[in-house]
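Let's take a walk through the charged pairs of this model. Have the viewer open and follow along.

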Amino acid sequence: MREKTALSEISLTDEDFEKFREYFYRKTGIMFDESKRYFVDRRLVERIKLTGHNNFKNYFIFLRFESTGKELQNLINALTVNETYFFREEYQFKCLVKRVLPEITSHKKRGDIIKIWSIPSSTGEEPYSIAIYLLEFWDDIDKWDIEIISSDIDTNVLEAAKKGLYSERSVNNLPTEILKKYFNRTGIGYYRISDDLISSVEFTRVNIIDRNETKRYRNFDIVFCRNLLIYFDDASRKVAAENLYDAMNPGGFIFLGHSESMSRISPIFKIRKFPEAIIYQKPLEEGR
Amino acid sequence: MPIRKREEEKIIEIKEERRKKERNFENLKEQLLSSSASERRWAARDLAQYKEASQILLERIKNEEDVSVIENILSSLSSIRDEVAVKGLIELLRSENAYLRNAVIETLKSMPEEVESYIEELIKSPESDLRIFAINIMESLRHPKVLKWLKEIIENDENVNVCSTALDLVAEVGTEDFLPSIEKIKEKFSDEPYVQFVADLAIRRINEGKNSP
Amino acid sequence: MKKVLVVDDAATVRMYHRKILNDAGFQVDEALNGLEALEKAFKDEYDLYIVDINMPKLDGYSFVDKLRNMESIKQSPVIVVSTESEEKDKEKAYEVGANFYIVKPVKPDELVKYAKIFTGVPL
């Protein structure tokens, strides 16, 4: 461990904070208000020290102009909590069932498949949430064939996702009936998801910013890509958006995390407003 | 269960019929002119594997109207990033198409080493628009000379909008040694409220930082 | 209170416009490019848009063009504020549906005057 120095030796002025939050907003879409000041200051001071700087100003120049761009990534990690749990941002699933799926199916004919891509899969909470939500809340589920594919770059989380074992915390948001219906309690505080669900999702490894690896992924009607693009630099984020676009059918929809916006990433998608959420769409009239 | 899973090979179907047409350089070149935007986009994407593709991508982008194709061409040029690509992108800064111009600025932001010599040329250009675009590129350019260039601009440039654009950035990244030049520019444009506003902001930010422990 | 959306990629310009307009009694919201502006205009209603031309992702002309083609967005006046000073730039802005064009650098009195004129606030 590094030598412990009191964090209070370095501090941020109001002007520093203002400059920083403007820059961070521009890069990530996350806006810290005054109530987050303490949290942001603490994390920043930690990063300032860890990178061997002695004040905010030097660090800020390093952050912006250092050639690899790694420090911005480190900082984003330090300032965001990437938690994943069942039914996270449930309003998006509601929007999926109430608005998006009816629109998608209106362009399909009987026997067509609806393809959903959930990326990053992480340990499986998101793709399984989608499956459960569709089974529970989509009236037309029996009329269509659905495929859910979920991908991640990390093979460890993919293995965990296939095992389907979850902590209490992770299932906390699920209504009791649903928990009972799709999970088995195993040991202390752990829940195992049903085999049916495990076998309803296909897990694959992919690097979303790799233009070659993503070529195989095609014809998705719906993509969930939440809280992932935020961790990339501007150029990679743009390539990821283009790869997702190519993976989608014309008229397909893409959901981003609630603090993310395509407006800072790429202009290729259309903005669609629904009562529950703003969603992005690949234009329907796009050339074949 | 209505949600079904197919074997991996089947799930990840590649629409082979279209891709089967061999995706070699000559065919891709042809497809870059196809009447289907989707075909042009895929051609632009796949052409990134060919070093010699920069020129034809640059030719295409001048007449391309579909945003998704333009964005893919820019990503491919950024991935090839040879001399032809960078030079061609710099020339596109003169485009009459504001969207394209700004998309090009963004692409150039991610090529610090490649653009260095061009930035040094652009900030001396007789056209104020090009000098402004050079500063726009600097905004996210991970290059150690950005501060030096900014200082040169605010010390020497006579155009109020060029200086204002530079000051916008100085207000974020300026250091103590900028203070004399900022004071000078305040005098030079003493009747321009915007310059006063942003110069005062920069001074305040620099000074406030100075006094903190 | 009339609500204005200031669209500019430079944070300092947005701060400047915000201050001037707030002092003149307007409520101000900000967007950092044309796309974000469209997104905000979807969610909220604005009485006036003050828009820069050169911005990443979506430039000012394209923003106005898209805005004017979206029925679900409130069709309020647009004042373009840009460093581009040639006649052809102004013409292009009017062609896509802008209502007024101011060349930077902006004088506070001028901005307030036209913001009031286009929102129907007495001068």
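Before the tour, one cut-off: a residue is called buried when its relative accessible area is under 20%, exposed when it is over 50%, and partly exposed in between. Also keep in mind that this is a predicted model.

Side chains of opposite charge can pair when their charged atoms come close. Searching the whole structure turns up 64 salt bridges over all chains, so let's look at a few of them.

Start in chain A, where Asp14(A) and Arg37(A) form a salt bridge whose closest N and O atoms are 3.0 Å apart. Asp14(A) belongs to helix H1 (residues 14–28) and Arg37(A) to helix H2 (residues 37–50), so this pair ties together parts that are 23 residues apart in sequence.

Now hop to chain B. Glu91(B) pairs with Lys87(B), with 3.6 Å between the closest N and O atoms. Here both partners are in helix H7 (residues 83–92), 4 residues apart, or about one turn of the helix. Glu91(B) is partly exposed at 48%, and Lys87(B) is partly exposed at 43%.

In chain C, Glu86(C) meets Lys88(C) in a salt bridge, 3.0 Å from N to O. Glu86(C) is partly exposed, with a relative accessible area of 43%, and Lys88(C) is partly exposed too, at 33%.

How values were computed. Residues numbered from 1 in each chain as written. Chains lettered and ligands numbered in written order. Predicted model: local features only at pLDDT ≥ 70, side-chain atom pairs only at ≥ 80, totals over all residues. Heavy atoms only, no water. Salt bridge = Lys/Arg side-chain N within 4 Å of Asp/Glu carboxyl O. Helix = DSSP H or I, 4+ residues; strand = E, 2+ residues; numbered from the N terminus. Buried < 20%, exposed > 50% of the residue type's maximum accessible area, 1.4 Å probe, protein only.
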